[in-house]
Amino acid sequence: MSPADSKPRVVVDANVLLDIVLHRSRYVQDALRVMALGFNGRAVLVTTASVAHSVRDVAVRSRGRAALEVLDAVLRQVTFIPETVDSVRAGLSFDDPENASLALACLEEGVVLLATREVAGFVPFQDRGIRPMLPAVLVARLSQ
Amino acid sequence: MLYLYVMPKYPDSEKKKLTLRLSEDSIAYAKQRADELGLSVSALVAQFFEAIQAPVEAKNADFQALIDLVDKIPPQGESAFDPEDPYYKWARGQRYESRRL
């Protein structure tokens with residue numbers, strides 16, 4: 001087993017990435033603490049291409065090129081997990097297809113830790129093993 | 001009793017008011033140290049809190065580069081989130097529509 005295999009994998013949701021890329025003052029520090037887990041080698045940060053595209057769209061529209069530079073720096077530390085057709089298709093039957101597709105892609109990849117500010121949006125997947133947590137809570141758990 | 005406002009790094013962040021109950025000896029010692037340093041007691045305690053909140057780990061150079069990039073972007077308060085952004089409108093509308101089905 002390589003050292004990377006023994007590290008916890010953490011999914012980073014779009015709202016956490018946006019807190020950094022848009023410099024949302026109330027949330028940016030907690031989001032950066034999640035990123036620090038990856039930069040310091042304490043966790044493997046992952047997301048999906050759909051999440052990255054959503055974040056990019058909002059970032060460019062809201063803050064222009066500077067936000068793209070931030071997103072680029074963030075994504076250098078993030079690994080993409082695949083979204084299969086099955087996960088996207090199955091997600092469409094949920095109230096929130098975006099959250100559902102992300103959760104299902106995570107389950108397919110065996111990733112259960114999820115950093116998000118929208119914990120309630122992932123409740124339907126908790127009984128399948130997804131553990132959505134606020135960024136500050138997740139960092140505290142992994143720091144114990 | 002000492003009231004202390006802890007101000008996080010970013011100006012729009014929430015102010016938190018902490019109430020400390022200290023013994024007379026502690027307050028006297030704090031005043032002595034504050035006088036030595038040319039600070040108010042509140043400023044001294046604020047520095048103490050800042051120190052204990054500082055990350056223990058040395059910052060990775062790439063992570064510091066990320067923070068520098070973020071600092072170049074003007075902070076956005078919650079009231080400045082644009083609810084009329086087409087992406088948010090689309091996402092909100094999609095959720096609303098799907099719940100009506």
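Mentor: Gladly, and keep in mind that this is a predicted model. Let us begin with chain B, which has 4 helices and 2 strands. Along its sequence the pattern is β-β-α-α-α-α.

Trainee: What share of chain B counts as buried?

Mentor: The share is 6% of its 101 residues. The cut-off for that label is 20 or more other C-beta atoms within 10 Å. As for contacts in chain B between residues at least 6 apart in sequence, 34% join residues at least 24 apart.

Trainee: And what are the corresponding values for chain A?

Mentor: In chain A, 46% of the 144 residues count as buried. Residues 24 or more positions apart account for 62% of the chain A contacts with a separation of 6 or more. Chain A holds 8 helices and 5 strands, running α-β-α-α-β-α-α-β-α-α-β-β-α from the N terminus.

Trainee: What joins β2 of chain A to its neighbours?

Mentor: Strand β2 (residues 44-47) of chain A is joined to β1(A) by 3 bridges, running parallel, and 3 bridges also join β2(A) to β3(A), again parallel. Leu45(A) in β2(A) is the bridge partner of Val10(A), and Leu45(A) also stands opposite Val78(A) in β3(A).

Trainee: Which residues have the most contacts inside the largest nonpolar core?

Mentor: They are Val10(A), Leu17(A), Ile20(A), Val21(A), Val34(A), Val70(A) and Val74(A), in a core of 52 residues. Helix α3 (residues 28-39) of chain A gives the most to this core, with 8 residues. Take Val34(A): leaving aside neighbours within four places in sequence, its contacts are Val10(A), Val12(A), Val16(A), Ala115(A), Pro135(A), Leu138(A) and Val139(A). As a general point, nonpolar side chains tend to be buried together in soluble globular proteins.

Trainee: How do α2 and α4 of chain A cross?

Mentor: The axes of helix α2 (residues 14-21) and α4 of chain A come within 10 Å and cross at roughly 35°, and the crossing is right-handed. From α2(A), Ala14(A), Leu17(A), Leu18(A) and Val21(A) meet Val51(A), Ser54(A), Val55(A), Val58(A) and Ala59(A) in α4(A).

Trainee: Why is His23(A) called buried?

Mentor: The cut-off is 20 or more other C-beta atoms within 10 Å. His23(A) has 23 C-beta neighbours inside 10 Å, so it counts as buried. His23(A) lies in the loop between α2 and α3 of chain A, and its phi is near 50°, a positive value in a residue other than glycine.

Trainee: Why is Leu107(A) called partly exposed?

Mentor: Exposed means 12 or fewer neighbours and buried means 20 or more, with partly exposed in between. Leu107(A) has 15 other C-beta atoms within 10 Å, so it is partly exposed. Leu107(A) lies in helix α7 of chain A and touches Arg128(A), Gly129(A) and Ile130(A), not counting residues up to four places away in sequence. The C-alpha atoms of Leu107(A) and Gly129(A) are separated by 7.8 Å, although the two are 22 residues apart along the chain.

Trainee: How does the span of α7(A) compare with the expected one?

Mentor: Helix α7 (residues 97-109) of chain A has 13 residues and reaches 18 Å from its first C-alpha to its last, close to the 18 Å expected at 1.5 Å a residue. Its buried residues include Asn99(A), Leu102(A) and Cys106(A). The buried residues of α7(A) pack against β1, α4 (49-63), α6 (85-91) and β4 of chain A. Just after α7(A), Gly110(A) takes a positive phi of about 75°.

Technical notes:
Residues are numbered from 1 along each chain as its sequence is written. Chains are lettered from A and ligands numbered from 1 in the order in which they are written. This is a predicted model: local features need pLDDT of at least 70, side-chain atom pairs count only at pLDDT 80 or more; totals for chains, interfaces and linings use all residues. The expected span of a helix is 1.5 Å times one less than its number of residues. Two residues are in contact if their C-beta atoms, placed from the backbone, lie within 7 Å. A nonpolar core is a set of buried Ala, Val, Leu, Ile, Met, Phe, Trp, Tyr and Cys residues joined through C-beta atoms within 7 Å. Two strands pair if DSSP finds at least two bridges between them. Axes are lines fitted to C-alpha atoms, for helices over the stretch in contact, and angles run from 0 to 180 degrees between N-to-C directions. A crossing is left-handed if the near helix is turned anticlockwise from the far one by less than a right angle, and right-handed if clockwise.
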